[in-house]
Amino acid sequence: MTGSGPDRLLDASGGLPQALPPWQGGDGLRVTAVRAVVTAPEGLPLVVVRVDTSEPGLYGLGCATFTQRYAAVAAAVDEHVGPLVVGRHPADIEDITRLIHYSSYWRGGPVLGNALSGVDQALWDIAGKRAGMPVYELLGGRSRAAVEVYTHAAGGTVEETLDQAEALLADGYRHVRLQVGGPGLGTYGAPGTRGGYPRSPHPDGWDPAQYLRATPRLFEAARLRLGEEVSLMHDVHSRLTPKQAVVLARALEPYRLSFLEDVIAPEHYDRLPEVRAASPVPIAVGEQIGNVTDAVRLIRDGGIDLLRLHTSAVGGLTPTRKLVALAELLGVRTAFHSPGDISPVGVAANLAVDVSTPAFGYQESHTYDDATHEVFPGTPVVRDGHLTPSDAPGWGVDLDEKAALRHPPVKFLHERWSAGVRHPDGGLDAP
């Protein structure tokens with residue numbers, strides 16, 4: 001703190017002092033540092049924000065993971081967002097997050113949203129630690145004892161996919177997302193094969209017509225082999241036109257999917273209400289939403305059955321809890337995005353919402369490797385198909401920065417893959 005009194009703050013570059021809110025004072029607790037930490041224990045870059053305070057040993061962690069643009073998020077935190085927060089009282093979460101959101105003038109998007117989320121979640125972690133409570137208690141307490149999760153089964157053939165699914169069912173899962181490979185290296189979520197279209201300009205291409213034929217066959221085989229009781233899902237990954245999405249949904253009707261995910265590209269989300277109206281399968285969308293306004297439209301306009309947020313992309317826990325309240329009032333349920341490119345801190349934030357809202361529907365899960373558990377002590381663990389939030393104050397997840405340094409990130413992993421997601425004629429497709 002610098003200037004003539006406690007209501008003045010110099011930014012990190014030594015610029016003009018910024019006036020703090022008139023109510024700042026109180027117990028004297030202040031944010032003293034904000035910084036981003038990037039680590040990749042499983043090869044996927046994870047971004048975590050650490051917020052330190054003037055109370056020794058009191059700090060918070062927040063997930064800011066936008067894997068594909070991790071360096072941009074880290075720079076936004078270190079160079080722009082962090083200096084706005086230093087000197088503030090960490091309890092003023094609503095005011096701080098609004099300031100961060102408005103301060104860039106151009107608002108929203110996954111880079112700024114994740115930078116905001118990292119700070120927001122870290123402040124909630126601090127709030128829980130100060131109160132001596134897990135964050136879910138600050139949100140109103142439990143609506144359920146634990147969260148039943150789903151995970152992924154994927155193989156190069158239908159048989160390989162169903163072998164994986166059976167193994168997951170044996171481990172206690174009751175909800176499984178199925179993906180199968182096929183011709184083309186652009187196959188999503190499962191290994192594809194080279195040279196599927198040898199007479200085409202791009203023989204390693206991905207053909208939506210072949211996909212529309214193969215996917216119903218996968219689920220026909222799944223019901224015959226796995227039975228009627230298992231809950232099944234599928235991810236289109238935004239690759240179909242609205243009409244193709246309806247064709248797929250109707251073809252899958254006999255197999256009673258719990259949901260069909262990301263059926264069309266985000267550029268065409270205005271068409272979701274007509275797709276959902278024509279679909280006999282519940283529609284889950286939202287992981288590519290980069291601002292609260294677009295998420296509100298998904299809920300309000302009748303385009304989805306399940307809100308599938310990447311909670312870090314929309315700005316963290318503060319906006320997510322508001323969106324979930326709206327979803328509850330309008331009959332939409334949650335199905336939060338949480339694969340391996342969510343940090344364990346982000347998983348803990350998802351769980352705090354999951355256990356505290358009546359709008360809970362499904363929760364994606366990922367089994368983290370030993371290196372991730374070393375970097376993030378307290379990483380949530382799936383047991384018998386369920387995740388249970390920590391009862392420790394805050395998120396219950398910590399960060400070992402020495403261990404994190406042993407796993408530096410690598411750029412352009414996703415970009416290299418997405419550049420090859422093309423149709424047999426060579427045209428680029430959504431990855």
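This report walks through a predicted protein model, from its confidence scores to its rings, helices and loops.

Residues are numbered from 1 along each chain as its sequence is written. Because this is a predicted model, local features need pLDDT of at least 70 and side-chain atom pairs count only at pLDDT 80 or more, while totals for chains, interfaces and linings use all residues; side-chain values use heavy atoms, with hydrogens and water left out.

The score pLDDT is the predictor's confidence in each residue, from 0 to 100. The protein chain averages a pLDDT of 94, and 95% of the residues score at least 70. Residues 1-8 have a pLDDT below 50, and this stretch has 17 contacts in the model beyond near neighbours in sequence. Here, a contact means heavy atoms within 4.5 Å. Where pLDDT is low, the predicted coordinates should not be read in detail.

## Aromatic pairs

A pair of aromatic rings is described by the distance of the centres and the angle of the planes. Rings of Phe, Tyr and Trp (its six-membered ring) pair if their centres lie within 6.5 Å; planes under 30 degrees apart count as stacked, over 60 as edge-to-face and the rest as tilted. How many aromatic pairs are there by this rule? The count comes to 4.

Take Tyr150 and Phe259: their ring centres are 5.6 Å apart and their planes stand at 75 degrees, so this pair is edge-to-face. Tyr150 lies in strand β7 (residues 150-155) and Phe259 in strand β10 (residues 259-261), so the pair ties together parts that are 109 residues apart in sequence. Helices (H or I, at least four residues) and strands (E, at least two) are DSSP runs, numbered from the N terminus. Both Tyr150 and Phe259 are buried, a word that means under 20% relative accessible area, with exposed meaning over 50% and partly exposed in between (1.4 Å probe, protein chains only). Ring pairs also bring in Tyr362, which forms a cluster with Tyr150 and Phe259.

Trp206 and Tyr211 make a tilted pair, at 5.5 Å centre to centre and 45 degrees between the planes. Trp206 counts as buried because its relative accessibility is 4%, and Tyr211 counts as buried at 10%.

## Charges over rings

A charge sits over a ring if NZ of Lys or CZ of Arg is within 6 Å of the ring centre and within 35 degrees of the ring normal. Trp206 turns up again here: the charged end of Arg239 sits over its ring, 4.8 Å from the centre. Likewise, Lys129 places its charged end over the ring of Tyr59, 4.4 Å from the centre.

The expected span of a helix is 1.5 Å times one less than its number of residues. Helix α3 (residues 110-131) has 22 residues and should span 32 Å; its end C-alpha atoms are 31 Å apart, which agrees. Asp125 lies in α3 and counts as buried because its relative accessibility is 0%. Leaving aside residues up to four places away in sequence, Asp125 touches Tyr59, Gly60, Leu61, Pro393, Gly394 and Trp395. After α3 comes Gly132, with a positive phi near 70 degrees.

Which residues of α10 are buried? They are Leu317, Thr318, Pro319, Thr320, Leu323, Val324 and Ala327. An α-helix has 3.6 residues a turn, so residues three or four places apart point the same way. Gly331, which follows α10, has a positive phi near 80 degrees.

## Residues in the loops

Tyr105 is found in the loop between α2 (93-103) and α3. Its phi is near 65 degrees, a positive value in a residue other than glycine. Is Tyr105 buried or exposed? Tyr105 is exposed, because its relative accessible area is 60%.

Asp384 is found in the loop between α12 (370-375) and β15 (386-387). Asp384 is another non-glycine residue with a positive phi, near 50 degrees, and it counts as exposed at 60% relative accessibility. Arg383 is also found in the loop between α12 and β15, and is exposed with a relative accessible area of 57%.
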